[in-house]
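Biologist: Could you please take me through this structure? I am new to it.

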Amino acid sequence: MSATTVLLCGVGGQGTILAADLLARAALAAGLDVKVSEIHGMAQRGGAVTTVVRFGDEVASMVSDLGCADIIVSFETTEALRNQAQLKAGGSLVVNDEAIKSLPVLTGKAQMPARAREDLVGLGALLIPAERLAREAGNVKASNVVLLGALSARLDFPVSAWEDTISRRVPPKTVEANLAAFAAGRAFVLNEA
Amino acid sequence: MELLSGNEAIAQGAWEAGATIGVAYPGTPSTETLECFGRKEGVYAEWCTNEKVAVEVGLGASAAGARVISTMKHVGVNVAADPLFTAAYTGVGGGMVILAADDPGMYSSQNEQDSHYYAQAAHVPMMDPADSAEALAFTRDAFEFSERFDVPFMIRSSVRVSHTKTPVEVGERAAFEPKPYEKAPQKWVMMPAFAKPRRKVQLERIEDLRAWVEECPYNVVTKGAGKVGVICAGAAYQHVAEALPEASVLKLGVTWPLPAGKIRAFAESVEELYVVEEASEYLASGVAACGVDVRAFPRELPRDGELSPGLVRAAFGLEAPEHLPARDDLPGRPPALCPGCPHRLVFKELTRLRAVVTGDIGCYTLGALPPLAAMDTCVDMGASVSMAHGFELAWAGEEHRPVVAVIGDSTFGHSGLSSLISTVYNCGSGTVCILDNRTTAMTGRQGNPFNGVTLQQRPSRELDLEGVVRALGVEDVRVVDPHDMAAVRTALKEATSAADELSVLIFRAPCVLLERKRRPPYAVSAACTGCGVCTTLGCPAIARDAETGTASIDAGLCIGCGQCAQYCRFDAIVAE
């Protein structure tokens, strides 16, 4: 029973749940079994959140585990580090190049990690300027879809499956900008490689 | 093939079974079930004031002949326990299915109680789906069983079933002919003369159910190659299947009553028998009571919190794959009240007052976290008002800090109202703050009696909150704008200084997520002295520079509420 595990992490409100939903539907469209596990409720008020998507011929557990995530997609640099123990040896880190201060940091009770970017680069992370790419694509809120585009370059679903899923699932007025955001994230990774 | 969450699948199952009525009070992780049900064709769904009311409305509709679904989180079952236990005497008319959604790991709850114990204690059959396809099928089938055995059926889910999306094949809606109603006091009037014979009926039914669970197709054995056998149910089954592919597994789809014969046969078929379950000993003790030997794990399985395949493997002494160490040098990221949240200043002012604050269940429980750190207690729905009365009783006749209860509008409607009636009746004192943000915010902005919004957007009425409180006999009732610092401060000071009186302050302003109105953001000018007062509000939009101490406002997060500007003595926070 071998399934691919993608852990999406970030800060409540950043859109991890929508990104996970789009990923799962792309996997489903590719004929795979899939599970998406979300956390709702209190953590969504700006807390640390994780959403797990697992897909393959047959998927049993819906959660990730130490050393089991094939890919971590982090919407924020500190949250990528917080979840690093979940990463499989040889797994990929796709990280939005943005640091969001948590309340203990804002109030001076704690510090952000001093070398988060360097540490992530040391782990082989792909740092994605998602907000800039989303803005250039025409919708500053589409950072999550930029990251999905970046992730798509690490998976072998056909581009058409992604595009079909995005077109069906995002609000009609934002389809064009979201498709552009997806393409920008994907191109960014393919050009880096 | 559709991709549905467990909650969506339960709603679909109820719909396919021909259920026409849905009743609930929102609570994570159950909430979307009834919202989803309410969007379907040919159904009526409503938010009730609490879970007890929901189950009673549901039982009435069932008695009248309809198929009914009622949904709640695990702690909601506590509230609904009273009708639940006696519904297991009366039985049903149309089929009745009750969802109990547990929260092992306490992602959004005050405890991690196991609803299986309710099924056992109330003698209500319970089914445990392990994914969305099962959630649909079990719920759909449970309606028929409810009618066949004349008892409500419970579906038990957890966060990882309710909030996990998996592929589901959906079906058509069955035609259901409502059961004709006939007056039957010996079945429905549970006074001693009728309840005693119904208790006998219940005991006979339990025997029928025990026979049924031995044969029903929901308890499934998967034979493995190894010597280990595991009994499990629900999400834990998925972790076991992942962690121990060699093990034989008895997956229980019905978790009360337990299939004692099947359990014994399974135990005999394996060399070593284990029970894997989350944050509970329900199954292990139930299996042991069948007279089989349940092994202790070679290593420990956590007794609290959620399980994962890795934790199951670790309990059998299997190592985790190679992985990076967890970082212990990262700042925490607790949830926080949103920028512009109307609750913020109330908590700030309560901290200034050095009040003892009895809190309640909702977004505003976040007022307990630093830097506001304004809350002394939070136990259950409505407890703020009654616990405040208890504090006042214990400290009667002594000089003491002001005691203030803080409760949201929806929670007040759920059970704060009956607490307040009790305080008034017993001539209690103190201050009750009702944070009326016009919605049930934490669970996703549902309707409630005080905002007059109903689940299916049917026309309703807004209950007059201050009118209700005055009608109880509270004389000092005031409505205050919670964004106005001076008004909040004055109201709290006046209310708490009238030591022998009971005051109710209604802080009324809509939840920021309800209106999504943004005014121009504020900014910090060069006049900032770095005093740090604004950061004591705990607004995610305000940062304090670690070296200079000066403040800055994130224009992307600020919604222009202006709360912080009122606290700046140097007029350094200005609208842009």
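Modeller: In chain B, strand E16 (residues 430–436) and strand E18 (residues 502–508) run parallel and are joined by seven bridges. Val432(B) is opposite Val504(B) in E18(B). Strands (E, at least two residues) and helices (H or I, at least four) are DSSP runs, numbered from the N terminus; two strands pair if DSSP finds at least two bridges between them.

Biologist: How should I read the numbering and the model itself?

Modeller: This is a predicted model, in which local features need pLDDT of at least 70 and side-chain atom pairs count only at pLDDT 80 or more, while totals for chains, interfaces and linings use all residues. Residues are numbered from 1 along each chain as its sequence is written, and chains are lettered from A in the order in which they are written.

Biologist: What order do the strands of the open sheet in chain B have?

Modeller: The order is E14-E15-E16-E18-E17, five strands with parallel pairing. Strand E14 (356–358) and strand E17 (476–480) of chain B are the edges, each pairing on one side only.

Biologist: Which strands does helix H16 of chain B touch?

Modeller: Helix H16 (residues 409–425) touches strand E15 (403–408), E16 and E18 of chain B. Contact requires C-beta atoms, placed from the backbone, within 7 Å.

Biologist: Turning to the two chains, how many residues does each give to the contact?

Modeller: Chain A gives 50 residues and chain B gives 49. On the side of chain A that touches chain B, E2(A) gives the most, with five residues.

Biologist: How does E2(A) pair with strand E8 of chain B?

Modeller: E2(A) and E8(B) (residues 164–168) pair in the antiparallel sense over two bridges, and Val36(A) stands opposite Lys165(B).

Methods:
Axes are lines fitted to C-alpha atoms, for helices over the stretch in contact, and angles run from 0 to 180 degrees between N-to-C directions.
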